[in-house]
Amino acid sequence: MDLMTLLGGIIGMGVIFFVLSSGGMLSFLLNWEAIILIFGGTLGSIMISYPWASLKWVISSFKMVLFPPRRPPIADLIRSIVYFAEVGKKNGIESLSAELSKSPHPFLTDSCQMMLDGVDLHILQERMEHDINTTRLRHQQQTNIFTSAGTFAPIFGLLGTLIGVVQVLRNISNPQMMGSSMAIAMTASFYGIFSANFIFLPIASKLNYHSDEDILSREVISKGVIAIYEGDVPWLVSKKLEGYLSLALRRKAKAGR
């Protein structure tokens with residue numbers, strides 16, 4: 001499980017619970033009409049905005065936020081590619097077939113396998129670029145769903161507030177009904193703002209982070225495999241890929257040699 005997601009959720013919920021309980025507002029905020037309006041309205045808007053082909057991956061996106069996929073660090077990925085370059089330069093590219101089981105990333109395995117199968121260099125490069133672009137598009141679609149939900153939810157909160165105000169005006173001569181109407185007005189705004197800033201937008205940000213990490217790994221692999229295919233020496237392959245590392249990581253990698 002992602003420790004930061006867990007700690008963030010605990011801290012955020014703890015702060016909100018403390019503030020509401022201190023003000024004696026916990027029972028006041030439990031308003032099912034407002035909850036149904038915000039989450040039901042947001043769900044309906046999302047279903048209108050996106051096709052089922054995108055929505056069917058929403059559950060997987062939730063799981064990714066809580067249980068992120070294991071990806072090798074970029075420095076380890078570069079070391080593996082340089083090692084493949086050393087083996088290919090020393091024993092020929094065909095010798096890499098015995099090393100594919102040591103590959104730390106499925107994309108590296110598939111790309112090297114296509115290279116071993118004799119796929120033309122330009123076709124291989126086009127195939128890897130297509131895979132990267134498709135992956136980026138798929139990730140962006142999932143991020144957009146939660147970003148849109150974070151946009152819709154506060155608007156439905158405002159709608160709930162307007163509905164509550166209208167009910168207050170209709171029952172201005174009935175104090176008891178006015179109180180329940182004001183409850184809807186206030187709690188709708190709370191749930192709209194809360195769900196947007198504590199659920200939907202943070203999930204979109206975390207998905208965007210994982211997407212950037214995945215795309216970066218694939219770009220490093222693509223660059224490295226092309227360099228191996230072109231017959232570059234391991235030193236040159238390493239230099240080409242070091243540009244993907246930050247300055248601090250580059251210094252750490254050099255210190256560990």
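How many aromatic pairs does a search of the whole structure find? The search finds 5 aromatic pairs, where rings of Phe, Tyr and Trp (its six-membered ring) pair if their centres lie within 6.5 Å, and planes under 30 degrees apart count as stacked, over 60 as edge-to-face and the rest as tilted. This is a predicted model, in which local features need pLDDT of at least 70 and side-chain atom pairs count only at pLDDT 80 or more, while totals for chains, interfaces and linings use all residues. Residues are numbered from 1 along each chain as its sequence is written, and side-chain values use heavy atoms, with hydrogens and water left out.

**Aromatic rings**

A pair of aromatic rings is described by the distance of the centres and the angle of the planes. Two of the pairs are set out here.

| Pair | Distance of centres | Angle of planes | Type |
|---|---|---|---|
| Tyr83 and Phe84 | 6.2 Å | 50° | tilted |
| Phe190 and Tyr191 | 5.3 Å | 70° | edge-to-face |

Tyr83 is partly exposed, with a relative accessible area of 32%, whereas Phe84 is buried at 2%; here buried means under 20% relative accessible area, exposed over 50%, and partly exposed in between (1.4 Å probe, protein chains only). Phe190 counts as partly exposed at 25% relative accessibility, and Tyr191 counts as buried at 11%. Phe190 and Tyr191 also belong, with Phe194 and Phe198, to one aromatic cluster.

**Helix α6**

Helices are DSSP runs (H or I, at least four residues), numbered from the N terminus. The buried residues of α6 include Ile74, Leu77, Ile78, Ile81 and Phe84. Just after α6, Gly92 takes a positive phi of about 95°.

**The largest pocket**

A pocket is an open set of points on a 1 Å grid over the protein atoms alone, where a 1.4 Å probe fits, with protein on both sides within 12 Å along at least five of seven lines, and lining residues have an atom within 4 Å of a point. The largest pocket holds about 350 Å³ of space, a volume taken as the space filled by probe spheres set on the points. Of its 14 lining residues, the closest to the centre are Thr5, Gly9, Val65, Phe198 and Ile203. Helix α9 (175–229) is one of the helices that each supply at least two lining residues, and α9 gives the largest share, 6 residues.
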